[in-house]
Amino acid sequence: MSTQTQVLEPFKGVKKVPLEEYFTAGHRTCQGCESALVMKLMVKAAGPRTIVLGSTGCMYVANTTYYSTSWVVPWMHTQLGSSGSAALGTAAGLKALMRKGKIKEEPINVIAFCGDGGGADMGLSAISAALTHSEYNFLILLYDNESYANTDIQVSGLTPWGAHTTFSPPGSMRRILHRRWKKNVAGMLAAGHPECRYVATVCASYAVDMMNKVRKALSIGGPTFIHSIDPCPKGWDYDPMLSHELGELAVLTGVWPLYEVENGVLKLYGKTKAIAEGRQKRLPVREYLLRQGRFAHFTDEDIEYFQSKIDEMWEKWLIPGVIPFRKELEKELEKEE
Ligand SMILES: Cc1ncc(C[n+]2csc(CCOP(=O)(O)OP(=O)(O)O)c2C)c(N)n1
Ligand code: SF4
Ligand SMILES: [Mg+2]
């Protein structure tokens, strides 16, 4: 049974993308900030009948400095861990107002964004709860700059292994202070939330694909979730002109697999699909890591360890880079070897 709420055809190429902006001048993000680009593309894909809710973080603080904002659509700040609650409450409120005849019945997009700190650490339970409510339509978009960036680059549950942050500076006694592997948030949410209609990972370096995933999430009906990887010149420590290239390298090295799960069916897409099907070679992670100052302290051994973890994700997981479970049979075969 289709629960589609509106028709938002995918943009067929960059020339079909409308010129109108709903996130425009007036923000104060760093030069080369990919999270700001994600905001711009996200709301461009959604169009003017959209309410955006945002939890505390760079995309709140830098975009709504007193008396100036870059948002053209209605926008509301929500507490750091509350993007899930804000999305659900707003969608429920709109539905009630329409049912009571207080506002016109029409599709109004509800998008709540959160950072990796707000979404993947503090607000994970609220997002999880929201994704169980199939009767409401909304999108939660997690913009992942891989640190608590707004408060000066602290480690989050999504900071990559070994990265230099203000909480994990490399020192002479211990070169690698951050020794936890990044959580797989989109995979976890897709696997555990059967009511969630749509989950996708995106990268703004592939802008049209990214906007089309937002359009699909907003029209499929029910709760949806998108996780975007966002190069951050300040936190990742690189020249701002490299943002686009670093996004591409995250995908081409296999560090960031692009996939969507639509009504429980998983599809790899874009360059990730090409790599998985053997049409494109996966690049060594070295090319991605060594362009960023946060990994400048890595020795060859550290790079090899990082590479081995990415290889494991691609070669041993049930779905490359997405589902960590392994088949019983494979484990048995390994024991015999
Ligand atoms: C409950 C609570 N704790 C701490 C803070 C301070 N704080 C504001 S923004 C922020 C960082 C949020 O990180 P993230 O969600 O990753 O967004 P980013 O700043 O990276 O864009 C923190 C810790 C807060 N606003 N609320
Ligand atoms: S610190 Fe990073 S996420 Fe924050 S505004 Fe600067 S580039 Fe963007
Ligand atoms: Mg962050």
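## A covered helix

In α9, the buried residues are Ser243, Leu246, Gly247, Leu249, Ala250, Val251 and Leu252. Here, buried means that 20 or more other C-beta atoms, placed from the backbone, lie within 10 Å of a residue's own. Helices are DSSP runs of H or I with at least four residues, strands are E runs of at least two, and both are numbered from the N terminus.

Helix α9 spans residues 243-252 and is mostly covered, with 7 of its 10 residues buried. The cover over these buried residues includes α1 (34-46), β5 (198-203), β6 (223-229), α8, α10 (270-276) and α11 (286-289). After α9 comes Gly254, which has a positive phi near 85°.

## About the model

This is a predicted model, where local features need pLDDT of at least 70, side-chain atom pairs count only at pLDDT 80 or more, and totals for chains, interfaces and linings use all residues. Residues are numbered from 1 along each chain as its sequence is written, while chains are lettered from A and ligands numbered from 1 in the order in which they are written.

## Around ligand 1

Let's turn to the ligands. Ligand 1 is surrounded by 16 residues, and the closest are Gly57, Gly115, Gly117, Ala149 and Asn150. Two or more residues of this shell come from each of α2 (58-61) and α4 (116-122), and α4 gives the most, with 3. A residue belongs to a shell if its C-beta atom, placed from the backbone, lies within 6 Å of the molecule.

## Around ligand 2

Among the residues around ligand 2 are Cys30, Cys33, Cys58, Ala149 and Cys232. Helix α8 (residues 233-237) gives the most to this shell, with 3 residues.

Key:
A residue is buried if 20 or more other C-beta atoms lie within 10 Å of its own, exposed if 12 or fewer, and partly exposed in between; C-beta atoms are placed from the backbone. Two residues are in contact if their C-beta atoms, placed from the backbone, lie within 7 Å.
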